[in-house]
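Student: Please take a close look at one chain and walk me through how it is built and what it touches.

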Amino acid sequence: MEAGTPQVVKLEDLHISGQLSGRKHILSILVENKPGVLARIAGLFSRRGFNIDTLAVGPTDDERLSRITLTLDGAMHPIDQVTKQLHKLVNVIKIRDLEPADTVARELALFKISADGASRGEVMQVVEIFRGKIIDVTRRSLIVEVTGTWEKVEAFERMVRPFGLVEMARTGEIAISRGRGET
Amino acid sequence: MRAADTLMESLKAEGVKDVFGIPGGANLPTYDAMVDAEFRHVQVRHEQGGGHAAEGYAQASGRVGVAFATSGPGATNLVTAIADAMMDSVPTVFITGQVRTELIGTDGFQEADILGATLPFVKHSFAVTDPRQIPEYVHEAFHLASTGRPGPVLLDIPMDLSRADIDYEPRTCPATSPRPRATSSRSGSPPKRWRTPAGRSSTPAAASSTPTPPRSCASSPAPTASRSPRR
Amino acid sequence: MGLGSFPSTHEHWLGMLGMHGTWTANHAMDKADLIVCIGARFDDRITGKLDEFAPHAKVIHIDIDPAEISKNVGAHIPIVGDAKQVLPKLTREYRALQTDSSRLDDWWNTLRGWQDAHPLYYEAGENGEIKPQFMIEAMHRATQGDAIITSDVGQHQMWTAQYYGFDKPRRWINSGGLGTMGFGLPSAIGAKVACPDEQVVCIAGDGSLIMNIQEMATCVSENVPVKVFLMNNGYMGMVRQWQELFWDRRYSSVDMGSSPDWVKLAEAFGAKGMRAENSADLEEQMVAALEHDGPVLLDVRVAREENCYPMIPPGNAARDMVEAPRGAVS
């Protein structure tokens with residue numbers, strides 16, 4: 001457009017949309033595989049007051065790069081600020097805020113459930129319904145491995161609590177975009 | 001040549017004319033190399049003073065301010081100046097000595113995790129783990145400090161690595177160019193001459209010249225290393 | 001931080017914005033319908049209470065760091081870029097519009113009216129007592145408004161920002177964001193090393209100067225002839241002011257006493273020490289300090305309990321600005 005071509009915008013018509021998206025966000029972050037990178041990201045969140053709900057980190061097919069998958073609550077934090085601040089870190093290569101509809105996300109959880117002879121059968125039924133696997137058993141307890149979406153893991157936890165949930169360990173979600181292109 | 005000498009060469013290649021700092025055990029090789037360096041070193045009385053001096057230098061001139069400190073308490077004395085440079089986006093490079101690599105993490109004498117301590121306050125930081133990284137990290141540090149939103153960059157060099165021998169090919173163009181300052185001629189006494197290394201005048205080079213545009217460094221050869229560092 | 005990037009002598013200069021800025025600048029922002037922010041970050045000292053800041057304004061924010069845009073204040077039109085590249089293009093577009101500047105006449109009348117009714121003000125000192133604001137005005141005259149000024153943090157910093165008109169960039173060197181006491185003297189050393197042909201003056205408070213006073217030794221042994229003008233009121237002035245205004249004048253650890261003897265201390269380092277106690281001699285002594293060949297510490301004894309006005313009390317909006325109380329004569 002040439003200088004002096006007027007495209008008039010009225011001041012009254014300028015608006016700012018709200019900054020809080022109100023939903024959970026999954027950020028898939030490609031970072032350089034160098035010492036201290038995780039500390040930089042965790043430190044950034046902590047000093048800006050952004051809360052990380054879950055975080056998983058692991059290698060990628062490129063040994064120079066790692067992938068960090070983290071989830072945060074978009075109702076609490078302006079997601080634009082989070083991603084813009086992350087981009088300022090030199091070791092951060094690429095950030096994808098994964099669209100729920102275009103994303104496959106999975107988490108792995110281990111549950112230690114107290115179950116003696118009487119209740120073991122019922123527990124096993126629940127495990128089968130959730131397509132979990134019993135990977136350890138003693139006379140009074142079971143360890144169950146469940147994989148699935150965050151919602152499925154939450155649901156399984158709710159179902160087995162009444163039996164006596166001794167403890168559990170969750171990895172937090174990892175995610176990848178659907179379709180052929182790279183995340 | 002010694003990695004410490006390549007550090008001096010790299011700073012020279014970045015157009016550094018003045019630095020501030022205090023020597024200590026962990027950066028003795030650096031300070032030994034500095035005796036023959038072509039830039040001026042201003043010996044301050046507290047590392048924080050050196051850090052703020054680097055900031056004042058950068059704010060007054062637009063050039064990257066450089067401050068040195070040794071490991072441990074020397075480095076931690078820089079923290080306020082680093083945080084200050086971050087808040088005000090001042091282009092600065094802070095170069096700290098670190099204990100020998102085999103002592104890192106052992107609570108060695110005058111050891112401090114300055115990298116960890118300053119993570120919230122730096123634009124970026126580098127921990128040298130191989131002496132051959134020094135020229136590349138210096139160049140990157142100056143680039144990060146002076147481009148985009150300027151800020152402080154930390155470079156932490158363990159003492160044994162700065163004594164090691166490496167091959168070095170100098171870069172021929174700096175990451176930054178001096179920017180023009182608004183100047184006016186001042187009446188009054190002439191500036192006192194300080195001890196200058198041979199060949200340097202006491203007046204600032206950029207006083208009335210137009211800024212040299214930054215040249216692409218894509219054609220400079222990368223530093224090569226054909227021998228492993230001698231310990 | 002940006003003082004001097006627009007000349008203070010220009011007719012459109014309204015003054016510094018923010019907690020100790022001018023009445024006119026702050027009220028102009030409060031009533032504005034459009035704010036163009038160039039490279040500033042809407043920090044809390046500027047905005048006061050954020051949800052009451054510039055309530056009528058749309059915001060165009062130009063910044064090189066995209067994370068600053070809409071961080072504190074939402075931007076209606078964000079422009080990410082280097083101001084050096086953005087501004088010439090904007091100026092070209094604006095000039096091509098050939099707008100009629102008289103459409104702003106009413107607004108300028110309002111602004112001029114505010115400037116006349118609400119200037120920066122202080123009660124003049126009596127019997128030769130040096131008022132801190134007077135000291136800054138004298139410093140401006142002695143340096144012909146053209147020195148590189150570094151400062152420490154506190155009342156002296158605010159008064160310098162108010163009363164020393166800066167006309168060029170890179171003249172006002174400050175710890176703005178972190179607000180580090182002890183910044184002034186070492187940063188003056190750095191500035192003088194960078195610009196040996198410029199006058200470099202550090203304006204300091206006595207609370208701040210003691211923090212990095214050891215660098216006087218650097219000035220002497222490295223031949224860096226910095227001039228330190230110490231605004232000495234025997235207090236940590238800004239903290240004292242807050243304790244007076246907001247904590248019922250319950251002074252808590254702000255009295256610096258009369259230690260050290262600054263003249264002797266400067267001489268102990270090998271610098272020249274001078275003391276000024278009378279407003280009639282002050283400017284002359286400043287000129288003598290500036291012309292002395294070597295580092296100088298000029299200890300200026302100023303009125304002890306002077307408050308820095310105007311002030312937007314913390315957590316308030318621009319329209320809650322408090323001005324200097326006036327004596328019998330306006």
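Tutor: For 330 residues, a compact globule would have a radius of gyration near 20 Å, and chain C agrees with this at 21 Å (taken over C-alpha atoms; the globule rule is 2.2 Å times the number of residues to the power 0.38). This is a predicted model, in which local features need pLDDT of at least 70 and side-chain atom pairs pLDDT 80 or more, while totals for chains, interfaces and linings use all residues. Residues are numbered from 1 along each chain as its sequence is written, and chains are lettered from A in the order in which they are written.

Chain C has 12 helices and nine strands (DSSP runs numbered from the N terminus: H or I, at least four residues, for helices; E, at least two, for strands). Of its 330 residues, 45% are buried, meaning that 20 or more other C-beta atoms, placed from the backbone, lie within 10 Å of a residue's own.

The largest nonpolar core has 131 residues, and C:Val228, C:Leu298 and B:Ala67 have the most contacts inside it. Such a core is a set of buried Ala, Val, Leu, Ile, Met, Phe, Trp, Tyr and Cys residues joined through C-beta atoms within 7 Å. Domain 1 (23–117) and domain 2 (132–308) of chain C both contribute residues, so this core lies between them; the domain bounds come from an automatic or database assignment. Leaving aside residues up to four places away in sequence, C:Leu298 touches C:Val228, C:Phe229 and C:Met274, among others (contact means C-beta atoms, placed from the backbone, within 7 Å).

Note on methods: A residue is buried if 20 or more other C-beta atoms lie within 10 Å of its own, exposed if 12 or fewer, and partly exposed in between; C-beta atoms are placed from the backbone. Two residues are in contact if their C-beta atoms, placed from the backbone, lie within 7 Å.
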